[in-house]
Amino acid sequence: MAAGRSMTLREWGLLVLLSIPWGGSFFFIGVAVKELPPFTIVAARVLLAALALHVVLRLRGLSMPRSPQVWAAFFGMGLLNSLIPFSLIVWGQTQIASGLAAILNATTPLFGVLVAHLATSDEKASPNRIAGVLAGFAGVAAMIGPAALNGLGGNVAGQLAILGAAFSYALAGVFGRRFARLGVAPMATATGQMTTAAMMLVPLALIVDQPWTLPAPGWGTVAAILAIAFISTAFAYVLFFRLLATAGATNLMLVTFLVPVSAILLGTAFLGERLEPKHLIGMAMIAAGLALIDGRLPGLLRTALRRRPGRVPVRRP
């Protein structure tokens, strides 16, 4: 698999589909943090997701690998792709506004391009890819609006937490490439990651948050936890590892640009929110950035220029 190639239409479709449950995760987290502390939320998220994935795995007649090497990789992935970023994002959202968090989270592809360039032989940075990542990041910032940047100068710890989560996701994208080489199916990989993350996070939540001492959460919080566990985690990570195995780490990280788009479109469709001009401008910039990264836009432009009316082709002897 040529990880640096353009993605197929099916892979683009899966990338868009992945952005939908992840777009809703910021809303679910925003509901849950009003009543529950961060480690309790992330521990419940990964534990419920792991249980759901084990049930699906059993219903499909599949079994988990037994190799110590594979399980060591599961623990590494659980650390980089769950424990660290989930905890940092949930804690960060208690410190800074969700709009600023979304912009900072959109630095994931920037880190992804850098990490993949340094750590892989087939996902090297190219001018088109760098330009596309910068255009996509600018599109996210434009779509959310300059007002979200008002808090950029304050609460540095919360901002560093979101940036740390973005960097951890970038590391996880490259680290996770090994599962395809190990012959582990995406469903088993997602289950293994969630299982090891739960093994690390549940004891941590019990020690730090002591959730049995907390008031019982309301039904809205319970619904948010179930949604983020089953939809934004279990279902989403099966898609994540399926894409990682075929499209590569750098291409997969592009979903971060689509997450705010999905969040805004979901709000427009189901919450009666208004689609503003800045949203359309930002979406257009993201689309242009994705096209640049995909590598087809420059080729289409060159083809269009060659076919300009009135242009006489130069014949060489």
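Trainee: What makes the charged end of arginine 45 count as sitting over the ring of phenylalanine 86?

Mentor: The charged end of arginine 45 is 3.8 Å from the centre of that ring. A charge sits over a ring if NZ of Lys or CZ of Arg is within 6 Å of the ring centre and within 35 degrees of the ring normal. Arginine 178 has its charged end over the ring of phenylalanine 175, also 3.8 Å from the centre. This is a predicted model, in which local features need pLDDT of at least 70 and side-chain atom pairs count only at pLDDT 80 or more, while totals for chains, interfaces and linings use all residues. Residues are numbered from 1 along each chain as its sequence is written, and side-chain values use heavy atoms, without hydrogens and water.

Trainee: Why is the pair of tryptophan 22 and phenylalanine 240 called tilted?

Mentor: Rings of Phe, Tyr and Trp (its six-membered ring) pair if their centres lie within 6.5 Å; planes under 30 degrees apart are stacked, over 60 edge-to-face, and the rest tilted. Here the centres are 5.9 Å apart and the planes at 50°, so the pair is tilted.

Trainee: Which kind of pair do phenylalanine 179 and phenylalanine 241 form?

Mentor: Edge-to-face, with 6.2 Å centre to centre and 85° between the planes.

Trainee: Why does phenylalanine 179 count as buried?

Mentor: Buried means under 20% relative accessible area, exposed over 50%, partly exposed in between (1.4 Å probe, protein chains only). Phenylalanine 179 has 2% relative accessibility, so it counts as buried. Phenylalanine 241, at 3%, therefore counts as buried.
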